[in-house]
Amino acid sequence: MNFRTPRLNQLFTISPTPEWPSVLFETDASGAHTWFWTVTWGAFSRSGQSATDANQWDAKTAITNLGGTLTVRAQAGTDTASITVKIQGTNPVAGDVIQYLASTTTGAGFDKILAQESKFRHFNAGNEPVKSFDNGFGMCQLTTPPPSFEQAWNWKLNVDGGLALFGKKRSGAIAYLSQGGRSYTDEQLKYETVCRWNGGSYHVWDANAGAWKRKPNILCDSKTGNIGWDMTDAQNTGKTEATLHNRDSGKYSKGRAAGAHWMYSGVCYADHVLG
């Protein structure tokens with residue numbers, strides 16, 4: 001028994017919307033068939049089987065939301081044959097991602113994060129999901145909790161996962177800003193939430209003004225996305241951004257060492273992302 005279609009290692013492409021392609025398998029045998037399939041990509045794997053009365057089977061339903069290498073073994077009576085094909089992705093249009101985010105009520109500011117972190121790209125130059133050195137996957141760089149196979153390949157499910165995490169940051173921001181019955185603006189909530197996506201709080205309460213204020217002690221390195229200085233540190237007090245940048249920028253690429261007088265700052269991240 002042999003496969004008539006598809007060709008060995010044939011490439012099938014997910015559309016930007018995303019829509020998974022039909023992948024029609026057909027053998028030269030007759031009668032009922034059982035199709036055993038496995039999709040693998042990196043550490044992800046999914047398997048199953050399907051039965052048909054004839055010699056054709058469309059794998060679309062089985063592989064939807066998955067990608068990578070699809071291996072199918074067909075069995076008809078005592079005859080078997082195996083074949084492997086590839087499933088690759090296509091990046092969405094940025095406007096479609098923004099429109100998708102606009103349909104939610106908790107995503108204010110999240111579009112700016114995606115523009116900063118991934119430029120709305122979900123797939124790399126090899127048409128596989130973007131993966132960071134610390135196992136962050138896709139447009140939202142989902143890391144903790146680890147994403148599912150589906151979240152790694154379907155950009156909408158990836159964004160859903162990112163929005164769920166962002167919603168938790170937003171809830172924390174609301175609890176912080178509303179403590180003691182204090183009021184806050186939508187803009188303050190946005191900055192507080194985006195800051196917490198990177199780490200820490202953005203605002204402090206100014207008792208004299210009776211209002212939330214940006215942390216006044218943080219000076220940001222405007223040449224970076226999330227690096228700054230605590231100006232209450234005696235090593236930084238009275239110095240300009242230019243002076244501090246010249247002193248510390250050569251160390252940024254090596255990571256922050258103990259005792260360093262610069263820091264990664266959620267305040268600076270929010271300022272950079274939201275402008």
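Reply: Let's start with the link itself: C220 and C268 are joined by a disulfide, with an S to S distance of 2.1 Å. A disulfide here is a pair of cysteine sulfur atoms within 2.5 Å, and by that rule the count comes to 1. With -95° about the S-S bond, the link of C220 and C268 is left-handed. The bond ties together distant parts of the chain, 48 residues apart: C220 belongs to strand β11 (residues 218-220), while C268 lies in helix α8 (residues 266-274). Those elements are DSSP runs numbered from the N terminus, with helices being H or I of at least four residues and strands being E of at least two.

Before going further, a word on the source: this is a predicted model, where local features need pLDDT of at least 70, side-chain atom pairs count only at pLDDT 80 or more, and totals for chains, interfaces and linings use all residues. Residues are numbered from 1 along each chain as its sequence is written, and side-chain values use heavy atoms, with hydrogens and water left out.

Both partners are tucked away: C220 is buried at 15% relative accessibility, and C268 is buried at 3%. Buried means under 20% relative accessible area, exposed over 50%, and partly exposed in between (1.4 Å probe, protein chains only).
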